Each structure stands twice: as C-alpha cells, then as structure tokens.
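Trainee: Could you take me through one part of this model in detail? I would like to look at the salt bridges and at the helix packing that goes with them.

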Amino acid sequence: GITGALPSRPPISTRSPTTLLGAGMMRTAVVLVLATPMEFSSAMPLVGGYVLAQSGGRSMLVDMRRAKERILYDSYMAMIGAGSMASQRLLFPERLTLSEDDFVLLSENEVEFAALGFELNLVGDGVVELNAIPSSIVGEQADEVLYELLREVESGDVAEHMRSNMARVMAVKGSRLSSKGITAEEAMEVLQHLCACDNYSFSPSGKAIMAEFTIEDIKAKLN
C-alpha cells in the first residue's frame with residue numbers, strides 16, 4: 001500500500017455554494033489534499049454511500065455523506081453571515097417541553113436560533129412552540145436538532161464559533177437524509193458542488209471526504 005504522513009489540513013471554508021472495496025483499501029489509500037481546483041469526469045455509485053469517481057486520470061473514492069456535509073456547512077455559514085437562512089413554516093406549531101435550564105438557555109439565545117431559521121414562541125414554564133424550522137431539516141428532526149444545538153450553546157463559545165458549531169450540527173443532520181440510493185447523475189451533481197468548496201478534502205468535522213487509490217493498491221489487495 002501507499003504510506004506517508006497525512007498532509008496538513010487546509011482551513012475550513014465558509015464560502016457558499018468501503019464496503020465494496022473493503023476497509024483495508026481505505027486504510028492504504030492516500031487522502032487527497034490539493035490546493036488547486038478540482039473537476040470530476042465520471043462517477044459510479046457503490047454500496048455503503050460511496051462513489052468511485054475519476055478526476056484528471058486519478059481514481060477517487062468519495063464518501064458522499066461527508067461531501068454533502070461540507071456543501072451544506074459552507075452554504076449554512078454563508079446564509080448565516082448574510083442573515084438569509086431559509087425557513088419552512090409548520091402547518092401546525094410543534095410544542096416542546098424543555099427543562100428549566102434549557103428554556104432559559106433558549107431564551108437567552110433566541111436571536112442566534114432565529115439566525116439559523118427557527119421561529120420560536122417561548123410560552124413559558126419550559127414550553128416552546130416551533131412555528132418555523134430551517135428548511136434543510138424535516139419536521140421529525142426538529143426537536144432533536146434543537147436539543148443538539150442547545151448543547152452547542154451550552155459550551156459558552158463566542159457567537160461566531162457557536163454559529164459555526166450550530167451550522168455543523170445542521171449539516172451533519174442534513175447530510176444523513178439522502179446519502180443512500182444515489183444515482184450517477186445525482187452523484188455528479190454533488191461532486192460539482194463539492195468542487196466549488198474551498199476545502200473539498202475534509203468535512204467540517206475534520207474527516208477525510210475522499211481518498212485516491214492506484215492500481216498498486218488494487219494489486220496489493222489481491223495478493
């Protein structure tokens with residue numbers, strides 16, 4: 001296999017928009033980190049949410065969930081910065097009952113949640129009504145996302161870092177909605193969006209999105 005130190009991780013961008021091969025192949029593949037623009041010429045979906053893609057004569061294995069996570073994160077950060085996070089109104093408000101501490105935390109950070117696309121009505125006694133939620137999440141996920149975001153707020157980070165963490169939470173949730181059963185055309189569309197990201201090598205969580213492998217890797221796997 002190919003060995004060597006992992007290249008240093010590039011800065012995370014805020015710009016808008018192994019099952020088939022086996023774990024051993026992934027371990028010997030080289031994580032692709034390039035400073036130059038990237039283009040893909042073909043994409044073949046594999047099992048497990050991976051895509052085999054060609055770029056400039058190189059073969060890449062792409063984790064589609066992590067790719068979508070990067071795309072969504074960049075988009076969220078751009079919208080948050082512009083104050084234009086899209087929301088979807090609920091037909092019927094969803095009523096949640098929070099602990100006293102969480103209710104106070106939500107009350108103190110209502111502006112931050114509004115910036116993410118939440119429209120809240122703080123009824124009182126721990127009761128909160130969700131009138132609108134970020135358009136990127138489904139209604140069934142709203143309470144789970146809200147709880148996870150409260151945990152990020154609880155960490156007490158400064159506003160910009162907190163918004164980054166909140167965008168990451170929503171990107172992770174959104175990337176899990178449609179990572180399976182992707183067609184070749186859909187995979188190419190995702191890869192094109194990924195190429196527009198400044199950092200297409202790593203997800204916001206710091207995990208590799210793609211890895212390059214060569215014919216030597218395949219031969220080594222078959223020996």
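Mentor: Happy to! A salt bridge here is a side-chain nitrogen of Lys or Arg within 4 Å of a carboxyl oxygen of Asp or Glu. The model is a predicted one, and the structure holds 6 salt bridges.

Let's begin where two helices meet. Helix 3 (residues 100-108) and helix 5 (residues 142-154) have axes that come within 10 Å and cross at roughly 75 degrees. Angles of 65 to 115 degrees count as roughly perpendicular, so helix 3 is roughly perpendicular to helix 5. On the helix 3 side, the contact is made by Asp 102, Leu 105 and Leu 106. Helix 5 contributes Leu 146, Tyr 147, Leu 150, Arg 151, Val 153 and Glu 154. By type, the residues of this contact divide into 6 nonpolar, no polar and 3 charged.

Because Asp 102 belongs to helix 3 and Arg 151 to helix 5, the pair ties together parts that are 49 residues apart in sequence. What is the relative accessible area of Asp 102? The value for Asp 102 is 9%, so this residue is buried. Arg 151, at 24% relative accessibility, counts as partly exposed.

The side chains of Glu 129 and Arg 95 meet in another salt bridge, at 2.7 Å from N to O. This pair links distant parts of the chain, with Glu 129 in strand 7 (residues 127-134) and Arg 95 in strand 5 (residues 87-97), 34 residues apart. Buried means under 20% relative accessible area, so Glu 129, at 17%, counts as buried. Arg 95 has a relative accessible area of 52% and is therefore exposed.

Finally, have a look at helix 2 (residues 64-82), which holds both Arg 70 and Asp 74. These two lie 4 residues apart, about one turn of the helix, and their side chains meet in a salt bridge with an N to O distance of 2.8 Å.

Conventions:
Residues numbered from 1 in each chain as written. Predicted model: local features only at pLDDT ≥ 70, side-chain atom pairs only at ≥ 80, totals over all residues. Heavy atoms only, no water. Axes fitted to C-alpha atoms, helices over the stretch in contact; angles between N-to-C directions. Parallel < 35°, antiparallel > 145°, perpendicular 65-115°, else oblique. Contact = heavy atoms within 4.5 Å. Nonpolar A, V, L, I, M, F, W, Y, C, P; charged D, E, K, R; others polar. Buried < 20%, exposed > 50% of the residue type's maximum accessible area, 1.4 Å probe, protein only.
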